[in-house]
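Please consult the sequence and the structure shown here.

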Amino acid sequence: MISPFLYQPIYLIFVLLITLLLFFSLNAKENQHSLLQSRRNTGWMLLLSLLLVVFIGTRPNHWVFVDSLTYANIYNDVIPTMGGEMAMNGDALFELLMVLANPIMSWMVFATLIAVVYVMGHWLVSKRLSPKNADVMMLFCISAFSFWGYATNGLRNGFACVLVLVALTYLVQEKPKVLQFLLISFVAVGCHKSVVLPVACALLAYYYRNPKVMFYVWFFSIPLSFIAGSSVEGLLLSIGGDDRFEQYFSEASKNEYSYLFSHTGFRWDFLLYSFIPILLGWYVIFKRRIIDWKYNLLLATYIYSNSFWVMIIRASSSNRFAYLSWFIYPIVLSYPLLKLQVFKNNHTRNAAIILILHTLFTFVMCFSW
């Protein structure tokens, strides 16, 4: 049996090796135009995604998977003793799913089903947004900084966010299917109320499409964080995205982490990380003058959601709120590289470099924490 402490290192090393192999493949002379001009064989990534489902779903119940252990205890101990009643008094649809599943399957089977939705949901999004290069987009997803944490720890949040991604694929079709987007989004919000933020941002991006505005909003959110950050925190508390919001904003929590730059204060490190797809978007839209309304909608959804996090960036554990935009991060980073002629020369090579840097960031950050 694999030690619980080895799960994340194994995952990180595995993803880094796959990324390196793809990096060298894309840099081969015969593949220099493969991203934009030819359809790739993506079956290998489908197989790897299924293996990842098994790896994540069969992990042991251990404190290293903090929130996951909490859910397992509720599933195994609380729900049976309550006779199938709601156990968490929070997000009704996810609770109902646990209550219905409890009599007919073990926690490991249930966790595996959650992993199926989470991992294969990303695969479905990759296939729908970039059918020719779904393997590359999927690799951007599984190598993202937040992917592992919300696959094995923040289950409910990750589950809901991937549903929002699936919903977004209906909104960016040639003939947008708003009803399907709303129905799937409703399920997502029922599983984790916090995703009402990216859903609302997606609707704003859909109905108001001025690309300049989204950049203004993000940059304006930085000084606003210093001026009115506490007011925005109060607004988020009032809409009630998560039962733990008040805990994250509490003074006790701030004092507890005040000596750790990576956990409190103005998060310049995460701000720079969040800025990368925004900088790429500015280059694509204004420097290269490439018009793609689907990309604009995805990017605007990311930017508007991230702007809310920037405004409460100094809150302790604000990285929890960052995920409400970061789950879109690998999509908005990879979409233009796989669908648009971003770079006039050496496009595939430059895209491969961005992929390896994206993965290395995750590798370094996870091993350094």
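Arg-40 counts as buried, because its relative accessibility is 16% (buried means under 20% relative accessible area, exposed over 50%, partly exposed in between, with a 1.4 Å probe and protein chains only). The model is predicted, so local features need pLDDT of at least 70 and side-chain atom pairs count only at pLDDT 80 or more, whereas totals for chains, interfaces and linings use all residues. Residues are numbered from 1 along each chain as its sequence is written, and side-chain values use heavy atoms, with hydrogens and water left out.

**Salt bridges**

- The structure holds four salt bridges, each defined as a side-chain nitrogen of Lys or Arg within 4 Å of a carboxyl oxygen of Asp or Glu.
- Helices are DSSP runs of H or I with at least four residues, strands are runs of E with at least two, and both are numbered from the N terminus.
- Asp-135 is buried as well, at 0% relative accessibility.

- A salt bridge links Asp-91 to Arg-156, with 1.9 Å between the closest N and O atoms.
- Asp-91 is in the loop between α4 (66–81) and α5 (92–101) and Arg-156 is in helix α9 (residues 155–171), so the pair connects parts 65 residues apart in sequence.
- Both of these residues, Asp-91 and Arg-156, are buried; the relative accessible area of Asp-91 is 3%.
- Lys-193 also forms a salt bridge with Asp-91, at 3.1 Å from N to O.
- Since Lys-193 belongs to the loop between α10 and α11 and Asp-91 to the loop between α4 and α5, the pair ties together parts that are 102 residues apart in sequence.
- Lys-193 is partly exposed, with a relative accessible area of 28%.
- Through shared partners, salt bridges join Asp-91, Arg-156 and Lys-193 into one network.

- Ala-134 is located in helix α7 and is buried, with a relative accessible area of 0%.
- Its C-alpha atom is separated by 9.0 Å from that of Asn-41, a residue 93 residues apart from Ala-134 along the chain.
- Apart from neighbours within four places in sequence, Ala-134 is in contact (heavy atoms within 4.5 Å) with Thr-42, Trp-123, Ser-126 and Lys-127.

**Helix packing**

- The axes of α10 (residues 178–191) and α11 (residues 196–207) come within 10 Å and cross at roughly 165°; axes are lines fitted to C-alpha atoms, for helices over the stretch in contact, and angles run from 0 to 180 degrees between N-to-C directions.
- Helix α10 is therefore roughly antiparallel to α11 (under 35 degrees counts as roughly parallel, over 145 as roughly antiparallel, 65 to 115 as roughly perpendicular and the rest as oblique).
- On the α10 side, the contact is made by Val-178, Phe-181, Leu-182, Ser-185 and Val-189, and on the α11 side by residues including Val-199, Leu-203 and Tyr-207.
- Helix α15 (residues 268–287) and helix α18 (residues 329–339) have axes that come within 10 Å and cross at roughly 30°, and the two helices are therefore roughly parallel to each other.
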